[in-house]
Amino acid sequence: MLSASRVFAGYGGLPVLREISLEIRPGEVLALLGPNGSGKSTLLSALCGVVRATEGEVRLGGRLISGMDRRSVSRQVAYVPQQFAFTQGFRVEEIVLMGRSCWLGPFERPGETDRRKVEEALAAMELERVREKPVTELSGGEAQRACLARALAQDTRFCLFDEPTASLDPRHALLVMERLAELAREGKGVAAALHDVNLAFRYASRLAFLKEGRLLGVFAPREVNEAVLETVFEVRWCFAPGPGLSRLAFPV
Amino acid sequence: MATSRDRFRPALVFLILVLALAGTFGYSLLSGDVRIPLREVLRILASGTGAVDGSPESLARAVIWQVRLPRALTALATGAGLAGCGVLFQALLLNPLAEPYTLGVASGAAFGAAAAISFQWPFLTFWAFAGSVGALGVVFMLGGRGALREPTRMILAGVVVGSILSAAIALLKALSGQMMAAIVLWIMGSFAGSSWTSVAWCLPAAILVGGLGFGLHRDLDIVASGSPAMALGVNEPRLRLGLLLISSLATAVFVSFSGVVGFVGLVVPHLVRILAGPNHLRLVPLSFLGGGLLMLVADQAARGLSELPVGVITALVGGPVFCLLLWRRA
């Protein structure tokens, strides 16, 4: 279990998160939703210990994450931030292999397992064709998939993704969300900050809504109605029937 | 994961560098005002330092053991170390223009040396080192804790401290009268004063920098690539603090003994990246060898040109090569 308990966190002394308690359970996709600046990214950063909680605690498997070394955390929690800016021309497969770095000693060469994980991640994100390409020459969508592949190669119990479909075309967005759902089916705990409410309805087991750094509530997809969305996003919403038994939400 | 081309090209560059380095090092022991044949040089090296008794053989022995060998080793270690430091600085500060002098170490050393020359203090090297460490301390203090997460702040602190010290050096030059030429010459760098003391400081400093860079190649790859290092198991602020501090102190050692030899720490890592890619497993050792080679070649040229400042030659030799590679790449 990865959990935050009454967590306050922020940057430069200014709090962004205010008293947030939330847990990510193995086998689920938890969607984080909320308007810009609501604290979704900061919450994901705090959950993997990249941003320190100024109050409250984050625990990973019962242990305080602030007391664990980065290597141990990275073997259990993968995190893909919203922004990515590759500064040097490493090849795509080198970037994906960096996900295995926390499993390797300083002079240990990547073994069979590492190579297999990298190949699987490249295939899952459809990056085989550009594997030799410098990441600085990739399109925005390809670069985002390279970051996601790196996290997949990391092979952790928990995966945190900040807007994983932000730069992707619809087909690749669905490919990524399908893979996230697959990770959950494999027993991993997945949390993703999303702006697309319908993707969250379709793929998440629970939806956590944040606003102004506070957690407004955690709902099952079926429990979310117009009133909830309107309270969170401050625009009116309507629902329409989607394919099968699903429903689609639209801001109006 | 590496393709055969990836393995072949760096291996070829490595082989060429090792052979060129061995050849240049050997040549630096052979060449000079006193002509000593190769066989004699080898015999002297094999038989140890021996006593100096005024005979032609003991003169040759003194030239090899007390002049040429320490000078070549100091130049080799300084070049290799500065290039190694350049790799670390560019990776840790996420800035292609970063170099070992970015954090004010060179300006500090130059100020210390200029003050020592102006006021005729003894132990010039000590004052240069003290100046480096003092400047570094101020830069780290100005940068503060936040600088370890935000390298730009540290670069700015280095630029500010460097500018203030440059103005102070200019003032010392203006006030020093006849000593001005000595200050200018010291700042431009030379290996003419090398000794076993400089070897004893510079060689371990270079090995330390190279060893750390090689040992931490994966962490450096992650940081340099712009990946979220903390999320990939690298304690980025701690790595940045430790390596910047160690490589800055190593740079302080190099400049204290040999002056501010520019160009090597900035350009050699870029040259190697063009030839062998950005992976630090290859970048660190190849830059180490390349820096040593460039510095040895530059020092050889300096010796042949009436002890011209070695910094001028590193730029004159390395600059066109770098331009050529950039042009070919474009």
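Predicted model: local features only at pLDDT ≥ 70, side-chain atom pairs only at ≥ 80, totals over all residues.
Visitor: What is the radius of gyration of chain B?
Guide: The C-alpha trace of chain B spans about 65 × 55 × 35 Å along its principal axes. For 330 residues the globule rule gives 20 Å, and chain B comes close to that, so it is as compact as a globular protein of that length. The radius of gyration of chain B is 20 Å.

Visitor: What percentage of the 330 residues of chain B count as buried?
Guide: A residue counts as buried when 20 or more other C-beta atoms lie within 10 Å of its own. Applied to the 330 residues of chain B, that cut-off gives a buried share of 53%.

Visitor: Which helix gives the most to the side of chain B that touches chain A?
Guide: On that side, 20 residues of chain B are in contact with 26 residues of chain A. By class, the chain B side has eleven nonpolar, seven polar and two charged residues. With five residues, the helix that gives the most is α9 (residues 217-225) of chain B.

Visitor: Over to chain A: how many helices and strands does its secondary structure come to?
Guide: Chain A has 252 residues, and 45% of them are buried. Its C-alpha trace spans about 55 × 40 × 30 Å along the principal axes. The secondary structure of chain A comes to eight helices and twelve strands.

Visitor: Why does the radius of gyration of chain A agree with a compact globule?
Guide: The comparison rests on length: with 252 residues, a compact globule would have a radius of gyration near 18 Å. Chain A agrees with this because its own value is 18 Å.

Visitor: In what order do the six strands of the open sheet in chain A lie?
Guide: The pairing in this sheet is mixed. Its edge strands, each pairing on one side only, are β6 (77-80) and β10 (214-219) of chain A. From one strand to the next the twist averages 15°. Across the sheet the order is β6-β7-β8-β3-β9-β10.

Visitor: Which residue in β8(A) is the bridge partner of A:A31?
Guide: Strand β3 (residues 29-33) of chain A pairs with strand β8 (residues 189-193) of chain A in the parallel sense, over four bridges. In β8(A), the partner of A:A31 is A:A192.

Visitor: Which residue takes a positive phi in the hairpin of β4(A) and β5(A)?
Guide: β4(A) and strand β5 (residues 63-64) of chain A pair in the antiparallel sense over two bridges. A:L60 stands opposite A:R63 in β5(A). The hairpin has two residues between the strands, and the one with a positive phi, near 55°, is A:G61.

Visitor: In β4(A), what is the bridge partner of A:A9?
Guide: Strand β1 (residues 2-11) and strand β4 (residues 53-60) of chain A run antiparallel and are joined by six bridges. In β4(A), the bridge partner of A:A9 is A:A53.

Visitor: Across which strands does helix α5 (residues 140-154) of chain A lie?
Guide: The helix runs at about 180° to β6(A). The strands that α5 lies across are β6 and β7 (158-162) of chain A.

Visitor: At roughly what angle do the axes of helix α4 (residues 112-124) of chain A and α5(A) cross?
Guide: Two packed helices are described by the angle between their axes and the distance between the axes. α4(A) passes α5(A) in a right-handed crossing. The two axes come within 8 Å, and the angle is roughly 145°.

Visitor: Which residues in α5(A) are met by A:K117, A:V118, A:A121, A:L122 and A:A124 in α4(A)?
Guide: By class, the contact of α4(A) with α5(A) has seven nonpolar, no polar and one charged residues.

Visitor: Is A:A121 buried or exposed?
Guide: A:A121 sits in helix α4 of chain A. Beyond its neighbours within four places in sequence, this residue is in contact with A:V96, A:A149, A:L152 and A:A153. Around A:A121 there are 26 other C-beta atoms within 10 Å, so the residue is buried.

Definitions and conventions. Residues numbered from 1 in each chain as written. Chains lettered and ligands numbered in written order. Pairing = 2+ DSSP bridges. Axes fitted to C-alpha atoms, helices over the stretch in contact; angles between N-to-C directions. Contact = placed C-beta atoms within 7 Å. Nonpolar A, V, L, I, M, F, W, Y, C, P; charged D, E, K, R; others polar. Rg over C-alpha atoms; globule rule 2.2 N^0.38 Å. Buried ≥ 20, exposed ≤ 12 C-beta atoms within 10 Å, placed from the backbone. Left-handed = near helix turned anticlockwise from the far one by under 90°.
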